[in-house]
Each structure stands twice: as structure tokens, then as C-alpha cells.
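I opened this notebook to keep a record of what I looked up and under which cut-offs. The entries follow the order in which I took them.

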Amino acid sequence: MKILVCISNVPDTTTKVKFKEGDSLFDDSGVQWIINPWDELALTRALELKEDAGNSVNEICVIHVGGAGADATLRKALAIGADKAVRIDACPADAYHVAGQIAEFLKENPFDIVFSGIESSDYNGSSVGAMIAEFMDYPGISSVTAVNLDDDDIQLSRAIPGGKQVLKTETPFVAVVQKGIANEPRIPSMRGIMMARKKPLEVKAAAEMDVLTKSVKFELPAEKGACKMIESESAEQLVDLLKNEAKVL
Amino acid sequence: MNFEFTEEQLMIRDAARDFAQRELLPGVIERDEKAIYPTEQVKKLGELGFLGMLVGLDYDGGGMDTISYVLAMEEISKIDSSVSVIMSVNNSLVCWGVEKFGNEEQKQKYLKPMARGEKIGAFLLSEPEAGSDATSQRTTAVDMGDHYLLNGTKNWITSGKSASTYIVIAQTKPELKHRGINALIVEADSEGISVGPHENKMGMRASDTHSVMFNNVKVPKENLLGEEGFGFKFAMKSLEGGRIGIASQALGIASGAYELALKYAQERKAFGKEIINHQAIAFKLADMATEIEAARFFCLKAAWLKDQGKPYGHASAMAKLYAAETAMKVTTEAVQIHGGYGYVKEYHVERLMRDAKLTQIYEGTSEIQKIVISRGLVD
Amino acid sequence: MSVIAFAKNWNGKFKNSTYELVSYTKELANKLNTNLIVLSIGEVSNDELNTLGKFGADKVVSVNNPQLNILTSRAYAKVIAQLAEKEAASVVVMSDNNSGKAIAPRVSVKLKAGMVAAVQELPVSLDPFVVKKRVFSGKAFGHVQIDSEKKVVTIAKNCFGLIENQVEVNIEEFAPEVDASLFKIQVIEEEEQKDKVILSDADVVVSAGRGMRSPENWAPVEELAEVLGAATACSRPVSDEGWRGHEEHVGQTGKVIAPNLYIAAGISGAIQHVAGISRSKCIVAINTDPEAPIFSVADYGIVGDVMEVLPKLTKAFRNSKS
Ligand SMILES: Cc1cc2nc3c(=O)[nH]c(=O)nc-3n(C[C@H](O)[C@H](O)[C@H](O)COP(=O)(O)OP(=O)(O)OC[C@H]3O[C@@H](n4cnc5c(N)ncnc54)[C@H](O)[C@@H]3O)c2cc1C
Ligand SMILES: Cc1cc2nc3c(=O)[nH]c(=O)nc-3n(C[C@H](O)[C@H](O)[C@H](O)COP(=O)(O)OP(=O)(O)OC[C@H]3O[C@@H](n4cnc5c(N)ncnc54)[C@H](O)[C@@H]3O)c2cc1C
């Protein structure tokens, strides 16, 4: 069995976001790039499955749609343990475009399981995984918190409001994973970093694919204003403000 | 000239940083306070390959360059120098010497498990009466034909209790003075070895520093490192590289304290503004940042020379001297910037200040570095 | 021309988020000068479908096929896309919840419709069609333009609210094609879970300080946390005194957390405490002292006694949920 893990290259979560060119572009100067946290967990789970003798997983490939700037991130995925990396040399303009590129790759290079993260921490699109499933006409399972393969019998769990659901499916399928899928991302070992040098990082030309959306402008949230004082008798008002003004509930 | 790190070097730095944040930061205060040896942490450090990162791939090491080693040592020392000293001694004092001067059997038998981090090595040079002056070795290794008979006491041995493999410097032919000194590989569980109590230290309290006593310990002839009489040179060569490790440790202690102070100065308010907006504090931070950057360049220069196969003893002495002095100064200022909070354990900077002191003492005191440096000036 | 809202049901019932979706889509349809069609899939009674009329749904299309009683994103997407083609829909709108996340991208591919997830408000502009959403995990907003003729958007929860607009509901049945090959996922088990929320992962944190006065007074804190599905936390002196466990200690020397909502009850807001919570999106403070420093970092404040205010808050949150 072969697992393909989709990797998005995102600014480190502690990055202070800035924009340039009239707030139309993300300013990436000085940004530290990392593997999108959910993708890193997906990769970790894929590696755990490969190490487990109870199934036939024998190859883990990571794929990224983007420019050469992401190679360091892909190399890290190799150092952590992926067997090979593929970069499709296209600007990751929108989710449709990215998913379409990955689907084109999948048509030529079939995999049994495709993992994608529930969203990428930059544009928070949360759609690439399900789009790949649709392009490929595969079953897709969202919000996956566990993937188990017992003798290649596939069992997945996913979070549903107030509980969890255990599902069965057959390959090929796409699992869109979230927190819980693996405990903690791995730290690459010295040996892993060394071996990553020799592992293949293949760069493929982009396929013809439409771009349907584009980001035209960014804005930063308004500065924190003064503390809004609420009468101690007006608990309902506070609940309302938290819901409709602060939007945190 | 190129001031860019490679992709790989950055990956190693990030791995060390992640490890320090995730595995070392939790519990570091308690391990220091109660002098608890970081067993689990050292095991994980070994599994990731940091303990043998400089050893070649053929001997189960990481095959990394010295630049990467500086970066990793800095990151780990920002959080826990008790761990980084174990890493430094194992890598640059013990593994390096066996890889460079040992024979094939010695490498297979002793180097490999240490490079994998399964066994820890210790370097036994200092004695009660021989510290800065390492020539006056009193420990003897008498040639008995098929073995050496080892007698004497070594002091201040990092990993003295947890190590399985010792490299012992001892006098075989006193009449030849330092040319009669040998370097031997000694298994720590050999008969006749006893380990003294844990030294109750000011800083790096979680690393295990012990005296080690030898009483008629038989060491097989095949455990001699290099030629007969090479021991003193061996020790000095090992220390040249070791100093890059300790210099990087000092660099990490300094930059760790600086990062905490910078953050604190932006949060703490006094007289209506964040204290970083008081020039006296801002200027302290400016000095700290500048000196740390200089120390980093010293470390990287020495590492680069070593990687290029060029002489690096002079550069590593400068790096060790400057980084250690910087660590002491920067950590003291970091405590000052923290005010009263800096004086309690929870804020980390007081520990870094205690740790910094040691970097001015071991692997050659600052005074000794000046001797090395000044001799190099007229050579 | 039309605009379609997909109204998901939970065991035959709609939720507030469904009505919010309908409210939003009705406004959008008005702006676009076109009709709103609400699509319901699965077994939902006419009475329940009629409730959508309160928010402007004059046309509801109901697909009642037993095969579709269990939500399968592949099949649902197919149904939605068929209706969208039949009705020449220009925009399909869904809620940004688990099922919306699974279905909307599939609809986007089927219709070759540009998609934007979790939009915050009505489009900033209609021509070109530009919507606003949170990006960089809430650190900024992005304006995204959809260039394709057809469009799919999902709306973020609680971003719009309910807008009442009572109309007569017209229910139409629709029988799309769905074939068995679309059902390759089998549910084999469902479990309810009520784990204690882990502090460092929690979206909502209820934290209390020395102002609680005694460890016996913690019930109101725990009750509020339970209603909110929140984790509990405390200031350092509280854990030092042993009133609460050390794992709850937040601050410079404790855990550093970044929840969406941090409620500080009886906490003065010393800088050491604030260092651990300043990355929270929204801070609510309850304190008897109007000069307490916590109010200078809080977004909302109540001057009052925790023992009185907390139970009132718990009640208000409970009411707002049901
Ligand atoms: C925690 C710890 C761990 C250690 N780990 C190890 C280890 O693993 N292996 C090992 O072999 N050793 C180890 N050491 C020993 C360390 O290297 C020595 O302590 C150090 O070299 C200084 O020796 P000394 O303590 O005998 O001081 P001394 O040599 O007695 O020096 C005392 C003072 O005199 C100064 N001085 C000495 N000679 C001169 C001179 N010619 N000119 C000017 N000033 C001079 C010194 O700079 C110092 O200020 C460790 C020490 C400590 C504290
Ligand atoms: C080295 C060091 C490290 C520290 N690290 C941390 C840390 O990591 N985290 C941390 O939290 N603290 C830390 N502190 C402690 C910090 O300085 C404060 O002392 C602490 O945060 C105060 O806790 P508190 O707000 O619960 O208590 P107090 O400061 O006593 O505040 C209690 C508050 O409750 C209010 N109050 C009283 N009765 C009521 C009532 N009935 N209803 C409503 N409000 C009421 C009062 O007006 C007051 O504002 C540290 C201190 C030191 C010295």
C-alpha cells in the first residue's frame, strides 16, 4: 500500500503577518516556513502505519504544489521519514488549482490512501482534500482523528459534535485529517537529515488547470479597543456581544 | 565569504530547537534544583543522533559538519546546559579522539555505541593537583607487558557516573615528562574503579560530575590510543575541538538569557512605559545583542576552519574565551533586567547565570585561553 | 437564475446555524436580484421544513431518498450539483461545519465553481464577486475574488446572525439520480464522548484567581466551564495554595495559552499572569475592583462579585444554547 501526504508550506505559527504592495500580497520577508501543522501530523501517522508490521504500507510520498521556496520544507518531510517527495512546479493560486494538479499527478501515479490536513494555517481554505476526492471520484472522509489498518482492513474515526464515529471504507480514498491523528510531530534525527540528501525530490511540470479565485486584498484586525464595561446584571448582553461582536463562540 | 547557512544546517538547528522546547524545557528547573540526572532526555538526544552527530556515517554517527554542531549546541544550551555539556563531551572530547586516532577495532568496539548514543563517554584529564597545568599528571599507567596497570585519581569528571567508556590520560614514563603520557580507553565497569560522590555544583547541577579513582585497574594494551607517548598531545588536540563545543554552549547560554530579557523588557512596565523604552535598559540589550553576535561569529569561524581541515586551535581558544566572558556578562545583565524576578528560579535567567560561570572555567579557564592565544601570536 | 442554500439537518431537525444560513442566503439573493432555493436532503418533516419560512425561504426543495438518510459527502455533492444545474444557480451557500467542509469542495469541482470557505459577511462587492474571510488563523482578513461564473461559499458560524422575514413556504420534491457506487463508507460505530477539555487545546478557558477566596467556591467556575465546553485554569497563587492542581496554572511561569475566549474571574491581572494569556483572541474579566489591571488587557469587563456574576453568566450561556 502506498500513502500520499499533501503538504502545504506555511509561515511559522508565531509569524507576525504583514502585507505589501498596497495590502494585496502577503509579505514573506524574514518568514520561517514550516510544514502545515495538520499535514505534519498526517505525515507522522503515515510513518507510524509504515513502521507497523500489521499492514502492507510500504511507501510514503509527500506532494506539494508550489515553487522552489518550498524545497526546504519538503526536505524536512524526507528527513522525518517520507520515502520521496514530489513538487509540482506551479503557483498554488487557489484550492481548485492545487487539488487539480494533485489529481493529475494521482491519475498517472496511483496511491491507495491520500492524506490531507483539515486546513492550511495560512489561507485557511480547508478544501484541497475534499476537492482531490471529487476530482478522482474517490470516497473522502473529513475531520479524521484516527486511521487504523489491521491486515489492510481500513478503519477511521472522526469527530462529530459530542462524540466520535468509527467508519470503514475501501482504497483508494482521501482522508482529511485533524488534531488527534497522531500524538506529536517527529523531530528529524541526524541520520534522517543525512538520508534525506539521497532521497528523491522530483519536480514536475504543472498541468493545465484553471484558477477560479484570487486574493485581492488583506487587512489586519482592528487594534484592541478599550475594555467594554458591562453591568453585572446584564449577563445576556455579554453573551450576545461574545457571539455577535467578538464572534468567539 | 558566505554568511548563509545551508538548508541542512538550518534543519539541524530547528530540530535542536524543537527538541529543547519540547523535551528539555519541561522540568529543567526541578532537575537543576534537585540535581537530577536527565536520563530520559539524554536517551532521546541519543536516539535523535545528537550525541554522535560529528561522527562519520560509517561509524553510526550523524556525519554532520562542525557548523551544524555549533548551531545545535547553541539551541540546546539556551534551555539546558546540563544536557549540552554531556553532548559536548561525548561528541568532541571522546568520540572525536577515538575516530581520529583510534584503530579500526577500537572504533568498532567503542566508537559505534557512543555515536549511536547508547553509551556515554567521559574524558578524564583533570586531577586534584593537575587542572590548568595538565602536564603534571600523577595518575600512572605502568606498562606490564600485555597490559597497563592504572592507579590514581581524576577529578571533576563530567558524566563520571553515567559514562560506560572513559578516555583516561595517565603517565607511563615520568622520566619523559609530558612525552611519557598515554591516552587509554578504559571500560567504566573494570575492576578497581570507584566513583566518588556527586559534586554539589553551583550550576549545570543536573550533569553528573564525579571524581573517579583507579586502584590497580588492568587496561589491555590494545586500548592505547595512538602511539606510545602520544597522550598529552592527544589531550591537547581533543581540547582544541572541545572548546568549540563549550564556546557554543556559552553562546547558547548568552542568547537564551538575552531572548528572555528582550521579551521581558517589552512586557514589564515601570514609570508608565515598558522598560525597554528606558534607554538604560535598551542600551544594555543593544550591547548584549552585539556581543552575542560577535561570539557567534567566533564560534562559526572556528567551526569552519575545522571543517576545512585548517588549523583551528587558535580560533577555538578565542571563541571559547570570548563566548564564555560574553555569557557571564550577558546573563548577569539579563538578571538585572528582570529585577527581582530575575533572582528567582522560575524566570530561568538566574540558572543561566550560574551555568555561564562554568564556561569560564572548564576545558581551560579564561586565563588559560589567553595563554594559548598569546602564544599563538608570536609563533 | 437562483441562489441555493443547503440546509443540513440533524436527525430531521434544523439548528440555529441552519437558520443563520438561510438568513444570509436570503439577503444575498436579494442583493443579486434573484430567488432563494433552500435544499434539504434526507428525512425532514414538512413542519420542520416550514420553519425555514421564518427566515425568508419561500421555496424549499426536499430530497427524500432513504439512501440519503446518512450523510455521504460524495452523494450529497452530486445531489446539490444536479439541483444547481437544474435551477441555473449562480451561488451555492453552505454552513462552514464538518459537513460543509466535506461537501462544498466537491460541489465546487463538479460545477467548476470557485469556492471560498468560512466567509464572514455578505460579499464586499458583487461584480466582481468578492468575499471577506479570516486568514492566517485569525491574524488577518482576506478579500477573495471569485472569477468563475458559478460560485460556492461556506459561511462562518455566528458571523451573520438571524434575520426574520416570514414568508409562505413552497415545498417541492426533487428526485435526483444517486447510484449505489457512491456509498463506500460505512458507519460501524458511534460513541458519545465527554472528555475533560485539555487546557492547552481549549478554545474557551474559564480561569479563576484568589478572588474566589476559597477552594470550596469553585463550583460556579466549573459549571460555567461545563456549559461552554471550556477548560479550567487558575492564577499562580491558587495553584501554589493547592486550591487547584499545578496543571491549571497559567502565566509566565505556568502554561502559555491562546484560546478564542479567556474568562478571568477574580484575577488581578498581574503582568506574570497576563504573559500567559495575552495571545487569547478575547478576554473577559470579572473583578470587584474597577482599577484591577486585568481590565486594561480585557475586551469585556464586569465589575462585580464572582460568586454572583458567574452563575448569571452560566444561566445566560445555557439559555442562548437551547
Ligand atoms: C563541572 C566541571 C566539570 C568538569 N569536567 C571535566 C571533565 O569532564 N574532564 C576533565 O578532565 N576535567 C573536567 N573539569 C576540570 C576543569 O577542566 C578544571 O577545573 C579546569 O581546567 C581548571 O583547573 P583547576 O580547577 O584545577 O584550577 P587551577 O588550575 O588550580 O586554576 C586556579 C586559577 O588559577 C588560574 N591559573 C592557573 N594557571 C595559570 C597561569 N599559568 N596563568 C594565569 N592563571 C592561571 C586559573 O585560570 C584559575 O583562575 C571539570 C570542571 C568542572 C568544575
Ligand atoms: C517569580 C514569580 C512568578 C510568577 N508567575 C506567575 C504566573 O505564571 N502566573 C500567575 O498567575 N501569577 C504569577 N505570579 C504571581 C503574580 O505576581 C500575582 O501575584 C498573581 O498572578 C495574582 O494572582 P490573583 O490574580 O489570583 O490574586 P490577587 O492578585 O490576589 O487578585 C485577586 C483579584 O480578585 C479580585 N477579587 C477579590 N474578591 C473578589 C470577588 N468576590 N469577586 C471578584 N473579584 C474579586 C481582587 O480585586 C483582585 O483583583 C508570579 C509571581 C512571582 C514573584
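**Conventions.** I am working with a predicted model, in which local features need pLDDT of at least 70 and side-chain atom pairs count only at pLDDT 80 or more, while totals for chains, interfaces and linings use all residues. I number residues from 1 along each chain as its sequence is written, letter chains from A and number ligands from 1 in the order in which they are written, and take side-chain values from heavy atoms, with hydrogens and water left out.

**Ligand 1, shell.** I looked up the residues around ligand 1 (one heavy atom within 4 Å of it) and found 18, the closest being Phe123(B), Ser126(B), Ser132(B), Trp156(B) and Thr365(B). By class, the shell holds 9 nonpolar, 6 polar and 3 charged residues, where Ala, Val, Leu, Ile, Met, Phe, Trp, Tyr, Cys and Pro count as nonpolar, Asp, Glu, Lys and Arg as charged, and the others, Gly among them, as polar. In chain B, strand E3 (147-158) and helix H11 (366-378) each give at least two residues to this shell; I take both from DSSP runs numbered from the N terminus, with helices (H or I) of at least four residues and strands (E) of at least two. Domain 2 (121-231) and domain 3 (233-378) of chain B each contribute at least three residues, with bounds from an automatic or database domain assignment.

**Chain C.** I counted 8 helices and 15 strands here, and the C-alpha atoms fill a box of roughly 65 × 45 × 35 Å along the principal axes. The accessible surface of chain C is about 13400 Å², with 45% belonging to carbon and sulfur atoms.

**Lys76(A).** This residue sits in helix H2 (residues 71-80) of chain A. Leaving aside residues up to four places away in sequence, I find that Lys76(A) touches Ile35(A), Glu40(A), Pro188(A), Met11(B) and Asp18(B), with contact meaning heavy atoms within 4.5 Å.

Technical notes:
Areas by Shrake-Rupley, 256 points an atom, 1.4 Å probe, with all protein chains shown as cover.
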